[in-house]
Amino acid sequence: MHAVVPQAVMWWTEFRFNVGYLRDDVGDRQGFAVLGIPRVQFRPAGGSSKQGRKASFLSSMEIVDAHIHLYPGTEVESLAWCAEGHPLHGQHSVEDYLEATKDLCTVSSHKLRGFIFIETDRKSHLETEAGWDEPLRELDWIRRVADGRPRPGEGHTSQHAHMCLGVVLWAPLPSGAEAMQRYMDRVQARAGMMLPLVKGFRYLVQDKPPGTMLTASFVDSLRWMGRSGFAFDLGVDARSGGIWQLEEAIEMIERAHDGLPNDKKVTVVINHMCKPDMRSRDQDGNPATEPFTAWKTHMARLASFSNVYMKLSGGFSETDPLPSAGEQGDWGSQVRDDLVKRTREWSGSWLGEMLTAFGPRRLLFGSDWCVCNVGGGGNGVSWMNWWSVVDGFAKDNLTEEDQANLWSDNALRAYRCAR
Ligand SMILES: [Zn+2]
């Protein structure tokens, strides 16, 4: 199973909350803060009337959220990282997700079209095929969402089915191409009508030993995925894991693509900007030179491969967290606006480098909901807070056409979804 490693304890005394961070296999930092649901109305951080006019000028722009996790309350025990007392313990349903996103249409011309579901790191192992049971049970769960056939109390209805635009499942990549084919046979048998929504696979490498993604069998699995038309979601961690993970990722892609025509090269969708160290800053608030330069160099190398995309997601896990609402449920919209503005300023250099490296047609917006609730201010505001960070960046740097690429078209292309 997967080790859960406590990493640090931070105190935000000003806001009377504390968060203990641990690393988990979902690919995201988690905390132990008790997340209240803030009773506040969202308004865009630092939103000027000029921005408002600009937004209203844009025609309704669709958003495809390229990275969310969902799980029913009845299956929480099958998650590898979510012990009792964890702030994300308990059901996280489509209805909860829609609650988190509900202010979008009141503050912008954006409209949420749907999401790509990403596997949520269920308990698994590679010794026997019995180790695939929980990930396959996760497939059954997301099939109920995509088919619009919930079990009682699962928090979705047939009205929500159309929002599931694609699914990235766990898969046993270290076991090699033959095992991948056997696994796929099992997926095929259980997916039913939703099979075309299976767009890719993820096997998190950020918490695995060095060399995991460079074994011949792992690379063979990637080559099988390329031949079969599936995308690979790559989860590496520059901040907590180390820059060596990016080095290995570069070599892994090099070998997976070697000698293949472009249409047979596996598409790699990198999660969470490779989790850069956005917390280290100099006294002027600029990124600390060393981690920034190392990360930037690797971004350029990763972007040099064709078929490689990057998700602008997971930022709240890598920069200083936003405070959750206090017991009263409202720590003030001005305070929140200021903090989101600060996150925008601090993340600006990193987002800018990704645009330089990948260009406007290979960046995807992803919320990393529900993990963004930890560090993003809680379910009532976290999704909107991250949207606001990315929206500010997009409006400052992208044409209207490229904003549409970022918010939806790039995700549809990367995952080969119907338009
Ligand atoms: Zn995630």
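This is a predicted model: local features need pLDDT of at least 70, side-chain atom pairs count only at pLDDT 80 or more; totals for chains, interfaces and linings use all residues.
Reader: Which strands are at the edges of the open sheet?
Author: The sheet is built from eight strands in the order β4-β5-β6-β7-β8-β9-β10-β11, with parallel pairing.

Reader: What does the twist average from one strand to the next?
Author: The strands concerned are the eight of the open sheet, which runs from β4 to β11 in its strand order. From each strand to the next, the twist averages 30°.

Reader: In β8, what is the bridge partner of Arg 202?
Author: Strand β7 covers residues 198–202 and strand β8 covers residues 231–234, and the two pair in the parallel sense over three bridges. Phe 201 has Phe 232 as its bridge partner in β8. For Arg 202, the partner in β8 is Asp 233.

Reader: Are the residues on the two faces of β8 buried or exposed?
Author: One side of β8 carries Ala 231 and Asp 233, while Phe 232 and Leu 234 are on the other. Both faces of the strand are covered, and all four of these residues are buried.

Reader: Which helix lies across β4, β5, β8, β9, β10 and β11?
Author: Look for a helix at residues 400–414, running at about 55° to β4. The strands under it include β5 (110–118), β9 (267–270) and β10 (308–312). That helix is α13.

Reader: Are α4 and α5 roughly parallel or roughly perpendicular to each other?
Author: Helix α4 spans residues 133–147 and helix α5 spans residues 177–191; their axes come within 10 Å and cross at roughly 30°. Angles under 35 degrees count as roughly parallel. The two helices, α4 and α5, are therefore roughly parallel.

Reader: How many charged residues does the contact of α4 with α5 have?
Author: The crossing of these two helices is right-handed. On the α4 side the contact is made by Leu 136, Leu 139, Asp 140 and Arg 143, and on the α5 side by Arg 186, Val 187, Arg 190 and Ala 191. By class, there are four nonpolar residues and no polar ones, and the charged residues number four.

Reader: Is the crossing of α7 and α8 left-handed or right-handed?
Author: The axes of α7 (residues 244–257) and α8 (residues 289–303) come within 10 Å and cross at roughly 15°. These helices are therefore roughly parallel to each other. Their crossing is left-handed.

Reader: Which residues in α8 do Leu 246, Ala 249 and Ile 250 in α7 meet?
Author: By class, this contact of α7 with α8 has four nonpolar, one polar and one charged residues. Across from Leu 246, Ala 249 and Ile 250, the α8 residues are His 298, Arg 301 and Leu 302.

Reader: Why does Gln 245 count as buried?
Author: Gln 245 lies in helix α7. Leaving aside neighbours within four places in sequence, Gln 245 is in contact with Gln 206, Val 236, Asp 237 and Ala 238. A residue is buried if 20 or more other C-beta atoms lie within 10 Å of its own. Gln 245 is buried because the number of other C-beta atoms within 10 Å is 25.

Methods:
Residues are numbered from 1 along each chain as its sequence is written. Axes are lines fitted to C-alpha atoms, for helices over the stretch in contact, and angles run from 0 to 180 degrees between N-to-C directions. Helices (H or I, at least four residues) and strands (E, at least two) are DSSP runs, numbered from the N terminus. Angles under 35 degrees count as roughly parallel, over 145 as roughly antiparallel, 65 to 115 as roughly perpendicular and the rest as oblique. A crossing is left-handed if the near helix is turned anticlockwise from the far one by less than a right angle, and right-handed if clockwise. Two residues are in contact if their C-beta atoms, placed from the backbone, lie within 7 Å. Ala, Val, Leu, Ile, Met, Phe, Trp, Tyr, Cys and Pro count as nonpolar, Asp, Glu, Lys and Arg as charged, and the others, Gly among them, as polar. Two strands pair if DSSP finds at least two bridges between them. A residue is buried if 20 or more other C-beta atoms lie within 10 Å of its own, exposed if 12 or fewer, and partly exposed in between; C-beta atoms are placed from the backbone.
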